[in-house]
Structure formats: C-alpha cells, structure tokens
Amino acid sequence: MAPKNDAGSKRKLPSRSKDSTSKKPKFEKRPPPPPPADEDDSISDADDFDDASDQDDEGGVALNGKKDQRNFNGPARPRNGDDQSEKTFERGGQTSRESHQKQKQLAQERKAGKPLADELTRAKKLWERLRRKSHVPKEERDKLVEELFAITTGRMKDFVLKHDAVRVVQTAIKYSTPERRKMIAKELQGTYALLAESRYAKFLIGKLIVEGDNEVRDLIVPEFYGRVRKMINHPEASWILDDIYRGVASKEQKASYFGNDTAPTVELSEILEREPGKRGPIMKYLLDLTNQLIQKKMTGFTMLHDAMYQYYTNVNQGSEEAKEYMEMIKEDENGDLLKNMAFTKYGARLVCLLLAYGTAKDRKQLLKTYKDTFQLMSSDPNGHLIILTAYDTIDDTVLTSKSIITELLGKSEQNEGSNLVLLANDPNAKLTIRYLLEGASKALFDGSRASDLQLLEQIWEIRKTTSKKDPETRRKELVAALSPSLLAAIASSADDLVATSFGCQLVTEALITCVGDKSAALKAVSSTAGGDPNAEPEETGEENDTAATFSSPPHISKFPHGGRMFKTLISGGHFDKASRKVILCDPPLQFADILYPVIKEYVMSWATGPSSFVVVNLLEAGDFSHGSELRKTLKKNKKELEKAATEETPEQKAAREAATADSEAEKGAKKGKKSGAKKERPVGNMGSKLLLEKLN
C-alpha cells in the first residue's frame with residue numbers, strides 16, 4: 001500500500017529502473033547528544049518535556065500527540081569493508097542536518113513568541129522533575145510544588161487549555177492540599193464544559209473529582225446541567241459526562257443533568273404524569289436519541305441504559321411500540337449494546353424485563369448474545385441477575401443448561417472443579433449455582449439483596465402470562481442438568497471447597513438437592529475430616545523468616561462451617577421450623593456410616609472439640625449402624641467428656657477476655673449509672689454436656 005501524506009491522499013513513490021544497482025545507503029545509529037549544562041541539574045531542559053519516554057500516570061498519551069522520533073544523521077556505513085566517502089543530501093543548498101537544525105530553531109522561536117512562554121517553559125521543567133516521584137525527596141517535592149503553584153495561580157485557565165500544559169496542572173492537583181484543590185476548582189469555574197470537550201483537558205476534570213471532596217464536586221457538576229443533549233454526541237465530552245453521572249453525581253444532580261433544579265426528577269413516569277399531553281413527543285425524542293447512539297456504537301453509557309430502562313417501563317407491553325423496541329435492541333450488530341447493559345444497574349434490569357416479556361425466539365436470541373460472557377456476568381453485581389432471570393423464564397431448559405451451566409462450570413473435569421471453587425466463594429457468582437438448589441432462600445437474599453429479590457418477584461408475576469412451564473418443573477429439570485457436573489466437581493475438589501464457609505454451604509446444598517449418584521462426592525467430603533483434630537499444622541520456612549508459613553490449614557473440625565456441614569449431612573436434610581422436624585432428601589444420604597470410619601480413631605477429639613455436635617448428631621441419626629460401638633467408646637472415655645463439659649474452652653476464654661477488655665475501656669463512660677445484672681455465659685463444651693446426658 002502506498003504511504004499517505006498528511007492530508008490523507010496517496011502520494012506516488014519515485015519509480016526505479018529495474019536494472020538499477022544503486023541501493024539505499026544505511027546509517028548507523030548515533031547516541032543522543034549529552035544534555036546541556038544547566039545551573040539546576042535536577043531539572044531537564046524544556047525540550048526534553050515533549051520527548052520524555054518514561055511516562056507516569058498523569059495521562060494516557062504523549063503531550064505532543066506523536067511518538068518519540070529521533071533522526072540519526074551519521075556517516076554512511078561502509079559496505080563490504082569498502083571505504084566510501086560520506087554522502088550528504090542537499091535541500092536548497094543545505095544538508096539535511098542543517099535543515100533540521102533550522103527547523104528546530106524556528107519552532108523554538110515560535111514557542112518563545114507565544115503568551116506565557118517563559119512561565120510555561122519553567123512549569124514544564126518543574127513537571128519533568130515532579131513526575132519522577134520515586135526520585136524526588138519529599139522536602140524537595142514540596143519546594144517544587146510551591147514554585148509550580150506560584151507560576152500557575154491566577155493563570156489556570158490559560159494553562160489547562162494548552163495541550164502540553166494541562167498535565168502540569170494535573171500534577172499540581174496530585175500534590176496539592178484540599179484547600180488548594182478547591183482554589184483550582186474555583187479558578188476554573190465556567191470552563192468545565194469546554195475542558196470536557198478537550199482531548200487532554202478532560203482528564204483534569206476527572207482528577208479534580210477523584211482527588212477533591214463534595215464541595216469540589218458541587219462546583220463542577222452544575223456546569224453540565226442541561227447540556228446532555230449537546231454533549232452526549234461529542235466524542236470526548238460524552239465519556240466524562242457519563243463518568244460524572246455514574247460515579248459522583250447525587251440523585252438531585254442527576255435530575256438536573258436532564259433539566260433544571262426547579263424540577264428535580266429523572267423519573268420518566270413522573271414527567272409523563274405531569275405532562276400527559278406531551279407523551280408522544282417525549283417518547284419519540286427519547287427513542288430517536290437512543291437509536292442515534294446505538295447506530296454510532298456509543299452503547300456503553302450508563303445514562304443511555306437508564307434512559308432505555310425508563311422508556312421500556314413506560315410503554316404498553318404487547319404494543320407495537322414495545323415490539324419495535326425489542327427489535328431495535330436485538331438488531332444491534334455484534335451485540336455490544338446487550339453486553340454493555342449487563343454490567344450496569346438499570347441495563348441489567350432492562351435485559352431481565354426483555355427476557356420476561358419476550359417470546360421464546362426473543363429469549364433464545366438474547367441468550368445467544370451472551371455466549372462466552374456468562375462467567376464474567378456471574379461475578380458482576382448486576383450481570384448475575386440476568387442469569388437468574390434466564391433460569392426463571394426460559395422454558396427450554398436444555399438450551400439454558402447448554403448455554404449457561406456448561407459455560408459456568410466448564411466442559412472438562414479439571415475446569416469444573418476450579419470453576420466451582422471460584423463460583424462458590426464469590427458473593428455474586430454463588431447465586432448462579434445455589435439459586436437452582438435453594439430457590440429464593442433467606443440465606444441467599446438477605447437484607448442487602450432486597451432489591452434483587454424485588455426484581456425476581458416482578459419477573460415471577462410477568463412469567464405467569466409469558467411462560468408455559470410450571471416453575472417447579474423448570475427448576476427440577478435444571479437441577480437434573482446441573483447435578484452431574486456439580487457432583488463431579490465436588491468429588492474432584494472437595495478439599496478446596498470445604499476450606500471456606502461459602503464452599504461448605506454449596507457442598508451441603510448440592511449433596512442434599514442434586515439427583516443421581518452421589519457416592520463419590522460423599523466419600524470425597526468425608527475424607528476431608530480425616531486426621532487428628534488436635535495436631536498442629538506443620539510449619540515451613542527458614543529460621544530468619546519474619547513470619548512462619550504453614551504447609552496445611554487447621555483441621556476442618558476447628559471451623560464452625562465445617563461442623564455445620566457435617567451435622568446437616570448426617571441429618572440427611574434441613575430442619576423445618578414449621579413442622580419441627582428434618583425434611584429428609586430422597587434417597588437418603590446415609591452419611592453417618594460414611595463419615596464414622598474416617599473419624600473413628602479420633603472420635604474423642606471430635607466429642608470434646610469445637611465440632612462436638614457432629615458426634616451428637618451421629619448418636620441421634622436413625623440410619624447410623626455403629627451407634628452401639630460409638631456409645632461404648634464414649635462411656636470408656638467418660639472422664640474426658642466430663643472434663644470438657646466443665647472446663648472453659650479456648651473460644652470461651654478468648655470471648656471472656658475480650659469482653660473484660662471492653663468493659664474496662666467503657667468504665668469511665670458508665671460511672672454513676674446503674675447497670676442490670678449480666679447474664680452469665682455457660683462454661684464448658686455444650687456438645688460434651690449433651691453426650692453425657694445421652695450416656696446416662
């Protein structure tokens with residue numbers, strides 16, 4: 001391809017004769033000339049500012065907008081050992097070296113003739129030194145910052161509108177005090193909309209907002225009120241506009257973004273209620289603006305997703321208006337719009353509604369768009385809701401399992417284990433597996449997830465009219481599809497799963513709820529209880545190490561989550577508060593007989609340790625075939641049980657000492673106040689006490 005000139009048009013290369021034997025001379029690379037001597041050797045010359053190679057985090061591109069270029073004007077390298085004379089290239093009687101030096105001199109003269117040339121040159125020198133943070137002592141940096149502020153104060157607007165000086169102001173903000181940041185923000189008032197449209201100065205706004213406080217935010221944000229319509233289409237301003245909207249703007253400021261502070265609302269429903277006669281023009285304008293941004297591939301804006309959600313929730317479902325909106329979203333090339341929507345709050349909620357209201361064909365196409373994205377979505381605070389909604393709305397459970405479950409767990413046994421460990425311990429991703437096993441339980445949807453549960457309840461109401469399959473039938477079919485991979489993953493990665501509380505919870509629910517052969521998984525989980533609970537973890541490391549490293553974690557019986565998991569599996573199901581009994585799974589797990597041979601040798605350590613209730617549950621289990629043997633062992637070591645039942649456990653001792661320390665600290669504040677008698681905490685191992693009662 002022929003190279004292009006600066007104007008973008010092709011220029012022709014000079015033709016060469018086929019029989020020409022002349023070759024282009026080669027030049028050897030000369031080392032760059034030494035820096036000129038300067039009185040302040042800690043600060044480089046101003047020319048070095050534009051050619052600095054070691055950039056820091058003050059921006060994303062070189063200030064001159066070009067890559068570093070160097071001209072090497074050395075003698076031609078001799079070929080084949082021949083002693084060739086130096087060749088020069090003449091331009092109007094000048095060599096290339098002379099021409100370059102003249103151009104450089106003219107450029108320096110032009111710079112020197114511009115306003116604030118001297119101040120800008122000195123500021124660049126200061127920046128050149130300040131940006132090398134690790135090389136500048138704090139005392140020297142403070143002096144440089146003081147000098148930098150002396151130069152820029154009162155001239156901030158002049159500096160920030162120059163592409164090669166705005167980075168200097170960013171550095172000043174980075175090392176300034178809160179008072180000085182406010183001073184800079186006030187001095188730049190009236191220019192923020194203009195700065196947002198600058199390729200370089202837009203970063204200054206982000207720097208001020210990140211480094212500043214609410215007062216600085218309140219100085220900047222109002223300058224964008226009512227400018228969304230104009231700035232949302234600007235290639236530079238649109239992103240800083242959306243960053244402010246998403247990251248720092250308050251609810252009232254977001255409302256004023258789209259109007260004025262006299263009508264502080266961004267709720268489309270309230271606007272339409274207040275102006276019912278203008279519903280048509282308002283909805284058409286919102287639709288046109290949405291379509292315009294989609295066509296321009298500007299689909300990552302949080303503002304866009306919020307507006308789309310409000311539009312869709314204010315159309316009449318089943319109408320042509322709603323169908324056209326669905327088609328507009330589905331027809332986006334490459335599915336970038338849907339993928340971006342999955343990671344914002346209202347974008348994800350809109351996709352959930354599209355799945356709920358859509359036809360079977362619509363749901364299939366939406367699901368296809370997210371191929372190879374489900375793992376990323378599962379750990380996202382918003383994206384995981386789309387997966388839960390797909391479980392609840394798509395009748396074709398074979399499609400759901402192949403599209404979602406296979407991608408979440410992986411296709412190979414090795415991937416299944418490692419992926420499940422990651423899913424089990426992620427606060428969002430764990431729901432994409434446990435929701436099928438437990439449903440909308442309180443353990444999954446606590447107070448912090450109230451809004452998620454409200455959305456799912458809305459989806460359940462919608463699916464009554466758009467889905468044909470019974471919800472419980474759908475869930476059971478998905479559990480059946482999930483079970484083989486889930487049980488295989490537990491069997492291969494039991495040690496890693498039971499090491500955490502979330503992992504133990506997932507293992508418990510899977511073994512109770514899954515269908516199929518569970519023997520390998522149950523055996524793998526029981527094997528994690530092996531060994532002496534009282535054995536100390538082996539330490540590794542050299543004598544000079546400041547902290548010892550452990551080759552193995554403490555025994556699982558030392559952790560509450562381990563004891564709870566074994567107790568529930570021995571019971572064979574969950575305790576139902578309404579019926580006051582355990583709801584057994586079918587077929588029974590018979591985990592007591594699987595676990596007992598593993599812990600038999602150290603059963604007394606279990607009976608007198610933190611997980612003593614595991615032994616209590618063994619005695620109470622109706623399907624435990626070694627009950628008489630266990631009773632004999634316990635009676636034989638009754639003194640150990642009595643000692644554990646009366647002595648203070650390490651956990652109780654630590655709790656008592658902590659309570660005493662808190663009481664001493666609060667004594668001064670409670671002087672003169674009568675406090676009620678504190679209830680004494682029971683001392684001793686409660687599980688050991690129950691075992692003694694059962695033996696009598």
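**View 1. Thr152 in helix α4 of the predicted model.** Thr152 is buried, with a relative accessible area of 1%, where buried means under 20% relative accessible area with a 1.4 Å probe and protein chains only. The residue belongs to helix α4, residues 138-152, helices being DSSP runs of H or I with at least four residues, numbered from the N terminus. Leaving aside residues up to four places away in sequence, Thr152 touches Phe159 and Glu187, a contact meaning heavy atoms within 4.5 Å.

**View 2. The buried residues of helix α30.** Within α30, residues 519-527, the buried positions are Ala521, Leu522, Ala524, Val525 and Ser526. These buried residues pack against α27 (471-492), α28 (494-497), α29 (501-513), α31 (560-571) and α32 (591-599).

**View 3. The packing of helices α34 and α35.** Helix α34 (residues 612-620) and helix α35 (residues 627-636) pack with their axes 9 Å apart and at an angle of about 135°, the axes being lines fitted to C-alpha atoms over the stretch in contact and the angles running from 0 to 180 degrees between N-to-C directions. That angle makes α34 oblique to α35, since angles under 35 degrees count as roughly parallel, over 145 as roughly antiparallel, 65 to 115 as roughly perpendicular and the rest as oblique. From α34, Val615, Leu618 and Leu619 meet Gly627, Leu630, Arg631 and Leu634 of α35.

**Notes.** Residues are numbered from 1 along each chain as its sequence is written, and side-chain values use heavy atoms, with hydrogens and water left out. As this is a predicted model, local features need pLDDT of at least 70 and side-chain atom pairs count only at pLDDT 80 or more, whereas totals for chains, interfaces and linings use all residues.

Notes
Helix = DSSP H or I, 4+ residues; strand = E, 2+ residues; numbered from the N terminus. Buried < 20%, exposed > 50% of the residue type's maximum accessible area, 1.4 Å probe, protein only.
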